[in-house]
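Please consult the sequence and structure shown here alongside the briefing.

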Amino acid sequence: MTARRVRFILGIVLAVGFVGRIMAARLGPVLYPDAYFQSLEPAWTRVTGEGMKTWEWTDGLRSWVLPGYHGAWMALGRSLGLRGSTIGEMIRLSWGLLSMFMVWAAWRAGASCARQLRPRHPCCACGHLVFDQPAPMGFVGDAPPAGWQGGLVAAFLMATFPLLALYSVEPLTELPSMIVLIVAFALVAEQTELDPREGKGRAVVIGTLLSLAVCLRIVNGALVLLPAIWLAARHRWRDLAILAGTALVPVALFGIVDRLTWGHFFGSFLAFIKFNIIQGRAAEFGTEPATWYLAGIWARLPIGLAILVLPAICGLRATWPFVLSAAGLLGYISTQAHKEERFALLFWPFLLIAAGTVLGHWLFSRAPPSNGGAAPSRLRRWLTRAKQLVIVAGMLAVVVDGARHLRQFDFDISHARLDGQAWVARQKNATGLLLDWHFYTGATVWFGRDLPQVKYEPELLSNRLFSHVLAGKGSSVDSQARRAGFVPKFDRHAIVVLERSR
Amino acid sequence: MLLPRFATWYSPSWAIRLRRLTLVISAVAQRTAPVVSVVGRVWARRRTVAFALAGVLVIAWSTGFFLFVRRQAVAVVAFPTLEAHPAGEHNLVAYRLGTTVRVSSFFRDPFSQHNPGYLVDGRTNPTLVEKWASDPGDRHPWVELLWSGKRQVRSVVIRHAGTVESADFTAQEYSLWCLQARPVPPPVVVTDNHAPVAVHALACSGARGVRVRFVPNRPGQIVRIFEIEVWGR
């Protein structure tokens, strides 16, 4: 395979991944109200003065870093005259675009791990197993990097896995933390291949990214142990020291932001730890049995899970950091009483990289020559073809199986609800909007107009301030609004917007 | 209609069809050659392009962040103009006249949002929700009611909490101003109000709005107002 062809295939994989994320951003459902009420709503409230304040923001449980990031784009968008819904859709799309870094990371990590699977022989002088041939880490002339096979398949799985595409447009804290963590893991994988005297700059980046991942999502702190163990296993003590030093930079940044916004250094961090770990109050939002995540993962990929897990375990020699991270994450979060699917989302990239590495290695491995070095026999060639066919079918089965089981989310909010809000915002005669269930919307951002948008109460139907009602089609709110003189004007996917007629 | 055209197009022999296809491909290639060339040149300088793009994004985000940090959290409700102001004396701030309401803050709990828009909804029998309430952290709550053009103001009617809920919640201390009036009239200062519906004479001409500044009855207590009417012409 030439470098040009590998680049071309990688380009196609990236393009397919991006198209999938565009579709998820525009057509996919909204998966968590938290994505909108914890990341976007505080920023929108600061920019426009309109918005709701959830309890986390009253109790100081959240850092302002992520709302600050979103708020900058919102302030810029408002200055340019963009509508709230346009800004919101662009934020969803931008996260989809940023999540493509995970595809790139899968390519790099998959290639790196696949290089660890190449043949080795015992070294009598050093007492270790050493690789038969050196392996280039990058494109050299017309030759692709060694291990490109694993990289391509890992990137393909990461780009096309439907669940990840769907989640990758939600502005949840889990998403940026996951992106940063996976990129850091890919860099660590390559770092372990370098000469111990090389890679200072890369160690700085890894330390910053790992720390940022934990600051964005404290629960991911346990996963930082694996890269540290990985580097320690390769005796890269200098890298570990650099990593520890640079990790302080994001920590300091988050601490300062907390001081400026909540009045105390690490105020939101401490409040989060107190609420979730010391007081265990997350359980107030529901508890699930310890096997809940396993059952959920099985339900998402009943056929494909075995196709991913088996190769990942077969290539444990190279994939152990990813397999251990996936298993460790599941084990750790299963001990917590309150469970949500998004907490386990990080399981998938780890598994996809581990499985993709080995599947790629198997897929492109050539038929061994016959005894005497002659060309492989016809039977062997056919067996190799059959093996390749089975692997490709397995990869496609993972994607199809994943797509077939995209249902029964913790929250599944039709995008039409957001479109309904945006439609009302475009009406010149709109003076107020009643929402049947305001948490199942794009919050105040998607409405985006300086007009009242409040939770539906039957008594409010007689208040002429409210010109529109958004409700589920055929719901009690729909029928009450019709009786009060509202008529449907927007009807999409079981969502209806009614307008006051008299 | 479609079939004859279809037949005409497909009637020539394979050789002619192939020739046509070659011509089309070469024409497309000629037309797109400049685009391909530009793409090739961009690809050759991909690192420079990536750095430039990243630079633009960083500058754009920094600009937005500067705007975000400088932004003052003032809630605004700007109603569209559905009716023109009548000729005689009327309530200048009825929402249908295109009133803009600005408030220092509002009680924005998801389950009981006391939106500032309720101040001008004209409801005679409001529910407990249909009032403006300030944020508990707001120590100096204020309200501005703005209209288009210059108007003559005669009086302000404030329907306090006491009209619907406990009289203890009625705002006792507040002051009223006309905005941008010429000559500038003195503010009306109220220090011990107990009336649930308070009527205040506030005479000014050429005003573009009215501002009411409240002092919470007790530290941390929110201000609750059901309706404000500004009468004038």
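The notes below cover the basis of the values, then chain B, then a sheet in chain A.

This is a predicted model, in which local features need pLDDT of at least 70, side-chain atom pairs count only at pLDDT 80 or more, and totals for chains, interfaces and linings use all residues. Residues are numbered from 1 along each chain as its sequence is written, chains are lettered from A and ligands numbered from 1 in the order in which they are written, and side-chain values use heavy atoms, with hydrogens and water left out.

**Chain B: make-up and extent**
- Chain B holds three helices and eleven strands, where helices (H or I, at least four residues) and strands (E, at least two) are DSSP runs numbered from the N terminus.
- With a radius of gyration of 32 Å, well over the 17 Å that the globule rule gives for 233 residues, chain B is more spread out than a compact globule; the radius is taken over C-alpha atoms, and the rule is 2.2 Å times the number of residues to the power 0.38.
- The C-alpha atoms of chain B fill a box of roughly 100 × 50 × 40 Å along the principal axes.

**Chain B: domains**
- Domain 1 spans 2–69 and domain 2 spans 72–232, with bounds from an automatic or database domain assignment.
- The C-alpha centres of these two domains of chain B lie 58 Å apart.

**Chain A: sheet**
- Five strands of chain A form an open, mixed sheet in the order β4-β3-β5-β7-β6; strands pair if DSSP finds at least two bridges between them.
- Strands β4 (453–455) and β6 (486–492) of chain A stand at the edges with a single partner strand each, so one side of each lacks a neighbour in the sheet.
- Strands β5 (residues 468–472) and β7 (residues 495–500) of chain A run antiparallel and are joined by five bridges.
- A:His468 stands opposite A:Glu499 in β7(A).
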